[in-house]
Structures are given as structure tokens and as C-alpha cells.
Amino acid sequence: METMDITLRINGEPVRARVEPRTSLADFVRERCRRTGTHLGCEHGVCGACTVEIDGAIARSCIALAACCEGAEIRTIEGFDDDPVMRIVREAFRDTHGLQCGFCTPGMLITVRDMLLRDRAGDARRIRVELSGNLCRCTGYAGIVRAVELAAQRLAQERANGTVVTRAAGRAMSGEG
Amino acid sequence: MKPAPFELARPATLAEAARRLREGDGMARAMAGGQSLVPMLNLRLAPVDCIVDLGRIAELREVRAEAGSVTFGACVTHAAIEDGLAHDPTGGLMRRIAGGIAYRAVRNRGTLGGSLALSDPSAEWVSLMMALDATIGIAGVDGEREVPAREFTLGAYTTALAEDEILATVRVPVLGPDARHGSFKMCRKTGEFAQSLAMAVSDPGLHYARVVVGATEGAPVVMERAAEAMRRAGGQAWSAAAEERVREAAAADLAGAGLDQDAFAADMHAASAVAAIREAVRR
Amino acid sequence: MSGPPRAIGASVRRNEDGRFLRGGGQYLGDIALPGTKDVAFLRSPLAHAAIRGVDIPDELRGRVHTADSLAEVKPIVAVSSAPGYRRSEHFPLARDKVRFVGEPVAMCVADTRAEAEDLAQSLLVDFDELPAVVDMDRALEPDAARVHEDWPDNRVLESTIQAGDLAAAKAAAAVVVRRAYRLNRHASVPMEGRGVLAYFDSRQDELVVYSSTQFPHLIRTILAEYLGMPERRLRVVAPDVGGGFGVKSNLHPEELAVAALALRVDHPVRWVEDRREHLLASQHAREHAYRVTAYADARGRLLGIEADVRVDAGAYSVWPWTAAMEAGMSAGIIPGPYDLGVYHARVVTVATNKSPLGPYRGVGRTGACLAIERTIDEVARAVGREAWEVRMENMVRKDQMPYRSATGKVYDSGDYPESVRMAARLMDVAAVRARQAQGPESGRHIGVGFASYTEQTAHGTVEWAARGLPLVFGYESATARMTPDGDLVLEVGVQNHGQGLETTLAQVASEELGIDPGRVAVRHGDTALSPYGMGTFASRSMVMAGGAVSRACRLLREKLLRIGAHLLQESLDDVVLENAGVRGRGGRAEFAEIALAACVRTERLPPGEDPGLDVTTVYEPGASTGAYSYGTHAALVAVDPGHCGVEILDYVVVHDCGTVVNPMIVDGQLIGGVAQGIGTALYEEIPYDEYGQPLASTFMDYLLPGATEMPEVRLAHMNTPSPHTAYGIKGMGEGGAIAPPGAILNAINDALAPLQAEVNETPATPRRLHAALRAAARRPGGERA
């Protein structure tokens, strides 16, 4: 079986590994790097449970090939422990009961954080459109929408106070594989 | 759902990519964003021995504005167009359509060229490029060629690309200041594949009017009669009578298109065409 | 229900959120054991075929297992004492025949899942294809092919209900309404699929089976039986579970196969279900057909109901429920919240060559609610009255409680008509009617619909025994243990997979002991850690486990007070529990101090007092017949006759589940249930073609509601405690998913009434609405389309 040597960064740490070309980024971070917070709900790019950041842009890791992420900066849910915006998002989810079984939650959090940084958390209708790529079977989305609204308010406050400073999330011009 | 084994090539140039495709002898496929291809690989629906990843080819990410048109490299992402990072020759239409494709995470990696090369009938770009009369630039081992979008998309998942050719560019004419456009997409669920899709573009300065309906069983349908009805309705207030004329024209176009569709599909597509045209006329 | 502010009634933030928000949950696929090999199943591509042989190349022997490798494993057989019930044998790997597309035929083992799938793809199976039975009505015809060749026909069970004098009702009726309703096959589809990880622990000399299951103890009991091993040598662990909704409260053939394999190899084996497998071969839901005839007086008062209930239950009976449970439950609850003395029903469960049917949130109640609520609306239409008023007048009144229904259900407490009144007020029906009178809005027709329901929860011994199953889920266990440093550990037999039980059970402990829920650890899911319990399903956990925790904590409380009083040198009459300690007249003894004395410094205990602060006890509700939650949903929809799309403009839920432990969690359960109900009503379907091939095996075809498909749901609460349960709590996990198909279809039909079109099938897709509109247009008197 053919393999390739790849080098990339996972949550700020360089990782060098030998992978089969067919290995998805999701399976790579889960099985090889033991970062199991990224979950597999469908493996065909619909449910969003596997959402990570590739070079600062959210992406579905189940349909990204690890070998095509050569040189990329990957951020999984475990890589946001010290992120101040993610802290705000997490607290909001907890306060509004935005999770029940927790399986969709990591992908949901990464998507919501990205939404806030791109200033796309407008009214409830707009929020729902931005969330439409992340499926949840437990909450019916009500707690999640409220979490986004609450997080947006708190983020605005903390930006105004200067306790949180952000720059816009990265946007890729092209498909990097 | 893990794919069957395959080789992966990551060429740095278009020429090398074309050569790798030819070497694949029909069992190699080019991959841009992978947002449609990798799900098929995971489902083991796409028999492939070699994937040729276009992601390292810098020229495919370029956007060039020329006189009267803008040329997009095949690997420009939907997100780049949505965010306005690329010139929009259509006065906001491409940007608006880009923002409605699937979901942000998919838009960050999915590409204009990848979508056209796959030719899923429900893909927005497939219908829109036909509606805009775009030109597809193709690269192969034996050289380059150009094909109008209307002749590029031949059917569901069928294009004018030979097995060893790569869709390299998409050239979109600049719409004039009087241009009007409308679109309508019918999805059961936000972001999912469209059940019915219509694009309407009218540029009176260029005497150009085109209406395209997608998400049919085959290639999107260019609706000549509906375009004519749109032209005649332009510049006047939209009335119930105008709507009825447009609907009849659209229904006639669909009936004459030789599609294998039932009454439900026919009604949906006609309704989509009417909605897109109504938006264009009223805009 | 007063107490410290973080006890019963408080919207306490969840204890379990921390790990999930960090990505630290441990679901089945996240558990890493050295040396684990992955399993992929080779599954039948045919709906019905005899297996002539599986060609396994020599070099693959030992890595591919078929039924022959598992010869001593007993087949899954769900039994019932119902007369005439026919049992099926479901071998974990198909033996002579396959009976549905997706049925496991072989297990392939490799270092990675990808390689295991390569293996499975390389195998050749020699099948003799047989005719497939795909339609439940066709399956009952005398010349139909038989799913089980040793059965005389394809009936799993047929029964009748005969309550009251139907002939008299027919004779007295001023109005007769007859309709057919259909729910199409769909599925639970939790975001995490099923999965099993098993290995033999040689130190403990036991087989350890991790499974994404809702009831680990029951899985342990049945696995021991089918594997032929003593239960003491088996441990089952449900780790974090990413949703269940019923599909994980069955014994799966894959569970049995992987557990059996682990006994035969010297390394852990793992199967993580993927989405395609889940949509193909997990237990499907709710393929129901109803014919209902209502006899009513001129005011719409029901005189009698006649029903025909048919369920397409697939190829095998699920364990433990049996294939017959759906139909029996549906038929039993068609009377719903109504005061109905005359009810006759014929109930048939049919076997077909499809995936076995199993319980899904609401189970039979969702279809029954659709059938009776549509019927009420049509009766109201026939007598020219508002459906919500006809509903109210037919309902059991609160002064009639407890009320015994025509099918023997005992409704315990509640004001059913008030829930309708409140829903109608919140929906402002008069305003909707005024709006409708203005004509279509941008071409769209507006409609309003209601659906009311009762939800039997925490039913106990007598009720389950009456259903004829060999298992009776009549009680729950709990251990309450104080650690020497004064915190509390609860070990319970239910299984938490989203319901917030790690918090709500801590709130019950807080109510009894005054200890903050943040200092209470709730352990569940592991048969090595918890006393025997039944698991989480049938909306039972808050009542049953809450009752057991309450009882255990009260026993602990007595001991804490005794020891505390002794340490404070005060009389027992002079001390109280307060703020995680015992307060006397002259001082306080913290729990930590008392626990230290009880566990480690036992010389400090009062004479005659045993050491330890560890209580295990059980709980059964005061009545086995169940605590009935109930409610009324109302939907406002806009139907576009052009695109035939349905938009839900407004959705109201009025709900009563008695005493509420955590309002935030209850609201979350309601809205989550409504989302699934909307999926059932408008989006979700697994159709099968005439060859028995399922046509929805990915999320491309199987549409789950996303955030934009959900309306903002308005909730209103009533609180009528149950007379039978601890604190008056009623279960409520399923209610949200029971009423939406009824409410939404009623709303669609209200919208389409001016066009004389009717829709009586779920999901109410654009294609079905289009067909209904065309059919109406073609009827005499209607315009041609």
C-alpha cells in the first residue's frame, strides 16, 4: 500500500507522519494524533460534526485528505483552549443549554466562532442560515441560536472593553487541495 | 465509509497535472476543492486509481480582469467570490450566488472550476455560467482550447472535457450598467442540492437575455421563449398577465426540451423560471 | 417545591457540559485500546435471498467471519406472550438467508477500518435471489412471498380491541368521517451512530463490551444468554453516547457479533457504524398505515371510533420490544386525551423484507396522534365548527381524573382542555381566520392546526407485564455514597445521553441533602459501577432514577443527622441539614467532617452506628400505570401552491409534565422533540423500491431538519403534579416528538381546504402536496389544473 510522508501543524505543534493518500484529515487527527474531539457524523460533508480550521478557515475534515493538507495549520476543538473568543462561545452555550448529547458540539462551536469573527451573526434568521451546515439532533437549535446571540453581545462588550482583541478569521482565495 | 486505496499526485504546474491525467489512462481524476469528489470516494462510488490534486498550482487561483471580461482560475473558491475578494463582473450576482452555495465550510474549499467540471445538474455555477454565456478554458497535454459554457455542460456529470483534460479558467463577460438579473433556488432544506434552480440575466445594452433552468435530470435548459418573454416584460410594471405569459413560455420551453420529467418537476421548473424572471424584471 | 436555589425547580447549568465543550467527551469511537482491530461488515445487497456460500480465500481465513464462526451463538429472538405472536430468529450473521438489504453476512477484521472495508469489498457471496416482500398490504395477500418460510403468512401478530357498543354508536351518529393516514418509514438518526468495542479482560476474567447503548445492564443480561456465558463474567459499558432516541435501546446483531468475536481473538475488536450503514441497517421507525372511522353527533362529540392499524415491521422482531410493539402501542393510544367509551380496532403487524422496525421517540404515539387528530379536524369540518373547540369538548376533564381509557390506560392528573384553550389563545385563532379571509399572501395559503396528546411515562411493573414481554422495566436502582471529603457520588441504572441526568439527579440530591449539585458526581452507563437498572427510554429516567436517588438520599440524610448530632453533642431534635452540613444550636458539622468520621475515624461514631455513608436502594412509582404528561401543539403554516413548499410561520407548545426539576432542560427536550416531529412531518423518509432496495442511504437523500427548517417555538407550561411519583414529577422526553405531524398536517389541510385538497401522509413533501392539489383540481366541480 502506497504511503506519503506529510508535515503539517496541529494546534500549533508540528506533526510529521506517514499516511495513505486516502486518509481523511478527520481520521488523521482522530486516530493518529489522538485528538478525538473532532467527530464523524456522516463522512460525506453534510452534518458538520467534523468541522475544523484549515489555515484559519473552517472546513469539513471528513472530506479533506490529510496528504493535501501538507504544510497547513490545522486547528481542532482541542486547539481553542486558550482562545478568548471560544471562551465566550463556550460560556454562552453553557448558559443557554446549547448542547445536549455533545456530539455535534465541537463542530458547532468552531462554526459559531468563525461566524462571529466574520460578523455574520445578525438576526435570528441570519444566524440560522449560518448554522444550516451543522446538524444537531438533540436541541432543535433553539439553545444554539440563543447561544450565538448571547455570545455576539458578550463579544461586542469585551471588544469595547478591550478585554478581547480580534482580527478577522483567515479566508482562503483558493482550494488548497 | 473509507475510500478504496488510490495514489495521490500533487503537481506544481498545469502541464504536469495534465500529463499525470493522461498517464492515468481513464482511471485518474483531477481534484480541486474535493467537496464533491471526496464524498463520492468515501462512498466508493467513484472508481479511481489516482487523484491529481490541483491545489498546488498557483495560476489556477488567479483572477484577471481584462477589457470586457474577468477570467477566474479554476481553483478560485466560492468563499473568495462570496467575500468579494475576486472581481465580480456581474454587479453582485456572482457574489450573491456564491454565498448561497451549500455552507461556509464547503465554500471555503469548493471551487468554481471544480463545480463546473463535475457538472452536477443542481450546481449553481453550472446554470449561472450558461446564463452569463461564460467561456471555459481547457488545458490538456496537447494544448489549450476554449468552449462556451453552453457547449461545455453536456448532461448530468457529463462535460466536454476529455479524460486527460483539466478545466483551467472561466471567463465571464462584464455585465453593463443596465443589466438586470434574478435567481431562484428551490431547496427542501437550506444548503442542500437544489430541486429546481433558475437564473435570469438581461443586459439590454448588449441585447442579451438568457434564462436557464437547472436541477433537471440532464444539462440545464436554456429557455429561449422565456428569455423573450422576459425581454418584453422588461421596463414595464410586473402584472399578473405578464406573469402568466412568462409561465406559459417557460412551460413551453420545458415541454420542448425533451426532458424525462413528470408533472411535478415540470411545474417546479416553470415556477422557478417565473420567480427568477420576476426578480430580474423588478430589480 | 422550595429548597436551596440549585435544587428542584432551578435551571442549573449542566455538570456534563464542561467536557463536551472542550471536545473531551469520550464516545465509542474515541476510546483507544492498544491492539484494537477494526471490523467492517459485509452486508447483503439483496432484500431476500438464500445464501449458497461465502467465498473466503485461504489467506483471509481468520480475518473473515461468517455464521459458521459463530455457530454456538444463539440467534436474537424477541418473545411475547400475546396469543398468536410469531417469533423470528435473527442470527447475528445471516445463516441460510438474508431478509433485508444491509443484513450482516460477514465480519471482516483488519488493522484499520479502511482495510476492513477493502476486505469486505473483495469477497464474493453466492446468493440465490428470492422475491422480496416490500409493501405491507401486498404482504398480506394470500399469494405473497413469505419472509419467514416457517410462518403460514407474513403476519407477526394480529389482535383486536373491542370496547363499548360500536353498533349503537353507528346508529346514533349524525356524522361519519372516514379517512386513511400513512406515516412513511424513517429513522431515529442520532448524530453518533451505533458502535461496539469489545475485548476479553484476562485479569478480571470477563468480557468487556463497550457499546453506544441506552441500557447497558439489559444488554449484559441478554448478551450473557446468547453467548452462553455467566453474566458475572460480562461487563457492559455505555460511554458518552451521542444521542439514542430509541435506536440504541435495541440489541443489535452487530453488538452480538462483535462481542462473540472478542471471545475468539486475543485483541480488542471495534465496529464504528458509519452513516450509510445506519440509514440502511439500524432499526427503522414508524411505518404505519391507519384507517379511522369516527362516529359523532351533530356537535362533533365522538360517539365511537373504529380503527384499522397496520405496521410494516421489517424482517425481524427487535429485541426486546418485538415487532408487534408499535402497532399495539398505537392502537392503544388512538383514543388519546379524549373521553371515548366506544373504541374498536383491528391491529396487524406485518413482516417485510426491510430493516427491522424499532422504537423511536414517541414510538406508536406519534402515528396514533396523527390519526386521531386529523380525524378530529375532519369531524369538526363536517359539523362546521372550530377544531380546537371540538377537541376541548371531547377531552377528558380534570374532574374525571383519574380516568381509565377505553384501552385501559389510567390518566393520573391534568387539565387537558385547558392546554387546548391556552394553545388557541397563544395562536390567536380569530386573528388567523381574519388573515385567511383576506385571501392568499403572495400566493401562499395560510393554515392553522392543532394536535393534542398524552404521553405515558415511567410506567411500571403491572403495565409492562401486561404487554407480554419477558422483561419488566418496573423500577430503578440508585446508590448514594458520600466520599470521605464530603462530596457525593450517585450511581444509577439509567443512562444519560443528552437528557442532563448528571445535573438533574444531582439537583434531586441537592433537594434532599442541601449539597450543591456541583459537588455531586453522577455515574451511569457501566454495569461495573451501577446497581442493576433498566436504562433510559420510554421517558422513565427522571421519575424512576429521580425517585431512587431521592430515596437513597433520604436514607443517607437520616444517618448524616445522627452522626452530625453526635459530633455536635446535641439532640437529634435540635439539628437540621443545611448547606452541606448539619447545623445545631451551638455549631455546625460539615459533611466532610461527618464523612471522615463515618469512613476513616470511626471511633467518633455514635455507639451502635455502622461505619460508612453508602446506601443502595430501589424505587417504584406509586402506580404502575404511568404518570401522564400531556399537551397541545399548534402550528401556523404557509403553503405555496406553486412550489408546494410548506413554511412553518409559528409553532406553539403548551405542555404539562407535573413538577419540573430543571426548566431549562425540559424546554430543551421539548424543542428537540419538536424538531424531530417536524422531520417526521415534512422531511424524513426511507423509501424502498419494488426490489426492496432502500433509496435513502446518505444525508443527501435523507433530510434532517437544520436550523432554518425549525421555526421559533413558543412554549407555555402547566404544572399538574402526578399523585404517584416523587415530587410529582412526570417524564416528558418524548412529548415534543408526538404531536408535530398531527399539528402540521392539520395546518396544511386547513390551508388547502379552500382548494379542496387533502394531505394525509408524512412526510408532506412538495411532491405529495402537488399530487393532492392536482387530484383536487381533477375532481368534478374543481378547475382543471
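**Close-up views of a predicted three-chain model**

**View 1. A salt bridge within chain C joins Arg365(C) and Glu734(C).** The side chains of these two residues meet with N and O 3.5 Å apart, a salt bridge being counted when a side-chain nitrogen of Lys or Arg lies within 4 Å of a carboxyl oxygen of Asp or Glu. Arg365(C) belongs to helix α9 (residues 364-383) of chain C, whereas Glu734(C) sits in the loop between β30 (713-718) and α18 (740-752) of chain C, so the pair ties together parts that are 369 residues apart in sequence. Helices (H or I, at least four residues) and strands (E, at least two) are DSSP runs, numbered from the N terminus. Over all chains, the structure holds 121 salt bridges. The model is predicted, so that local features need pLDDT of at least 70 and side-chain atom pairs count only at pLDDT 80 or more, while totals for chains, interfaces and linings use all residues. Residues are numbered from 1 along each chain as its sequence is written, chains are lettered from A and ligands numbered from 1 in the order in which they are written, and side-chain values use heavy atoms, with hydrogens and water left out.

**View 2. Helices α15(C) and α16(C) pack against each other within chain C.** The axes of α15 (residues 541-567) and α16 (residues 591-599) are 10 Å apart and form an angle of about 95°; axes are lines fitted to C-alpha atoms, for helices over the stretch in contact, and angles run from 0 to 180 degrees between N-to-C directions. The two helices are therefore roughly perpendicular to each other, the class that covers 65 to 115 degrees. On α15(C) the contact (heavy atoms within 4.5 Å) is made by Leu560(C), Ile563(C), Gly564(C) and Leu567(C), and on α16(C) by Phe591(C), Glu593(C), Ile594(C), Ala597(C) and Ala598(C). By class, this contact has seven nonpolar, one polar and one charged residues, where Ala, Val, Leu, Ile, Met, Phe, Trp, Tyr, Cys and Pro count as nonpolar, Asp, Glu, Lys and Arg as charged, and the others, Gly among them, as polar.

**View 3. Chain A meets chain C.** Here 44 residues of chain A are in contact with 53 residues of chain C, and about 4,000 Å² is buried between the two chains, 56% of it given by carbon and sulfur atoms; buried area is the accessible area (1.4 Å probe) that two parts lose on being put together, summed over both. Arg94(A), His97(A) and Arg137(A) supply 22% of the area that chain A buries against chain C, more than any other three residues. The count of salt bridges between these chains is six, and in one between Arg13(C) and Asp95(A) the closest N and O atoms are 3.2 Å apart. α4(A) (124-131) gives the most to the side of chain A that touches chain C, with five residues, and that side divides into 20 nonpolar, 12 polar and 12 charged residues.

**View 4. Chain C meets chain B.** In this interface 27 residues of chain C are in contact with 22 residues of chain B, and the two chains bury about 2,100 Å² between them, 57% of it on carbon and sulfur atoms. The count of salt bridges is three, and in one between Asp262(B) and Arg767(C) the N to O distance is 2.3 Å. Helices α2 (113-122), α7 (275-281), α17 (663-683) and α19 (766-778) of chain C each supply at least two residues of the side of chain C that touches chain B, to which α2(C) gives the most, with five residues.

Key:
Angles under 35 degrees count as roughly parallel, over 145 as roughly antiparallel, 65 to 115 as roughly perpendicular and the rest as oblique.
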